[in-house]
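Keep the structure in view as you read.

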Amino acid sequence: MVRLRPVPAVGVAPIRVTFLLHGAVQGVWAAQIPAVRESLHLSAGDLGFALLLQVVGGLAALAFAGRLVRRHGAPAAIRVGLVSYVLVLLAIALTPSFAVLLGVMVLFGATGAVSDVAMNAYAVAVERELDRPVMSGLHGAWSAGSLAAAALAVAGATAGLGPSPLLVGAAVLLLAVAVPALVGVVALAEVPGPPTRRRPPLAPLLGLGALAALAMYAEGAGADWSGVYVHDVTGVAAGPAAVGYVGFAAAMVAGRLVGDAVVRVVGPVTTARVAAAVSVVGSAVVVAAVAAPMAVAGFVLLGAGLSVLVPLIFSAAGRHGGARDSGSAIATVSAMGHAGWLVAPVLVGQVAEFASLRVAFLTVALAGVALALAAGATAAGTTPKGGGEADDE
């Protein structure tokens, strides 16, 4: 098996910073999409195709990300993946045409996916060594980094910075922060051990993947449609209606930052079951909303409930995969989860077209019910204190 040397509490800080930086890269890009579109004179269809290729690149990379982590170790994969992910911001800044942008988007998705799988696999190993949950807090750092970077990028654009200098400046700053953080991650060197004798069963992993798809479907619906919902259903102007997304995103960050403490007290299954139930209540409030404050309150509850579910599912996948195959397990679950994220904007839009947005968000409530009923799967790979995993022996 592959083991990390015992990690002191301070050793969590470098991986936390890498999660934050990964989120910051996505936040900078998200904030600059409109400006890049304008600078390259892209139509809505052109932009949609470019963003689709980013997703395609990420899904393609997930096919080999687990093997990369298993062969070279999570620290090396994090180092190469995260630095490459940041450097692609420079490539976007220097992109001269739509054709070049398409290739850059594939690289952007691929480097983001590789570093994402490696970070989560490393986080599972840290949880194993510390014998306490850290995944939710790490995902909270990702969300906080994304929101903060997006806000700073918007501020820079408001001050008159164009997309190219802003992206270059962001890349340089992120690299400056990444180098010491990556040194800390690499210092937790992996020590090889006996090879894995057998692979873990696939069926539970596919079940976790299905849960990830449901959770990320609900996340995608909330992220993409919260502002539109507040505007269309409650009649608030388009600008102020963005408070729906702000409430949803802020609740996601807050929930993830406290999620590990909750898991330590009540365990992953109870946490997942209660969180899923909160997401169902939030969806119900959204569907029943007759005014903007009620809709925003529903999205806050929805975000709070969903916040810990994906981290819990990823932790369970990593434990199920064992010390050697956690990267492959997380890659499989992540790929299925991202399928749910991809379906969300399309399905919600189609249901809204044929019925209404209220009816569309009933599908989010149903996803929450399914997650609550299947919350027991988040206990995958847990053992009594001092015990070992079957595939590690």
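At what angle do H1 and H5 pack, and how far apart are their axes? The angle is about 40°, and the axes are 6 Å apart. This is a predicted model, where local features need pLDDT of at least 70, side-chain atom pairs count only at pLDDT 80 or more, and totals for chains, interfaces and linings use all residues. Residues are numbered from 1 along each chain as its sequence is written, and side-chain values use heavy atoms, with hydrogens and water left out.

**Terms for helix pairs**
- Helices (H or I, at least four residues) are DSSP runs, numbered from the N terminus.
- Axes are lines fitted to C-alpha atoms, for helices over the stretch in contact, and angles run from 0 to 180 degrees between N-to-C directions.
- Angles under 35 degrees count as roughly parallel, over 145 as roughly antiparallel, 65 to 115 as roughly perpendicular, and the rest as oblique.
- A crossing is left-handed if the near helix is turned anticlockwise from the far one by less than a right angle, and right-handed if clockwise.

**H1 with H5**
- Their angle of about 40° makes H1 oblique to H5.
- H1 and H5 cross in a right-handed way.
- Their contact (heavy atoms within 4.5 Å) has 15 nonpolar, eight polar and one charged residue.
- Here Ala, Val, Leu, Ile, Met, Phe, Trp, Tyr, Cys and Pro count as nonpolar, Asp, Glu, Lys and Arg as charged, and the others, Gly among them, as polar.

**H9 with H10**
- The axes of H9 (residues 268–288) and H10 (residues 292–307) come within 7 Å and cross at roughly 160°.
- That makes the two helices roughly antiparallel.
- The crossing of H9 and H10 is left-handed.
- Contact residues include Ala275 and Gly282 of H9, and Gly298 and Phe299 of H10.
- This contact has 13 nonpolar, five polar and no charged residues.

**H7 with H12**
- H7 and H12 (residues 357–373) pack at about 150°, with axes 10 Å apart.
- They are therefore roughly antiparallel.
- Their crossing is left-handed.
- Among the contact residues are Trp225 and Asp232 of H7, and Arg358 and Phe361 of H12.
- By class, there are 17 nonpolar, one polar and two charged residues in the contact of H7 with H12.
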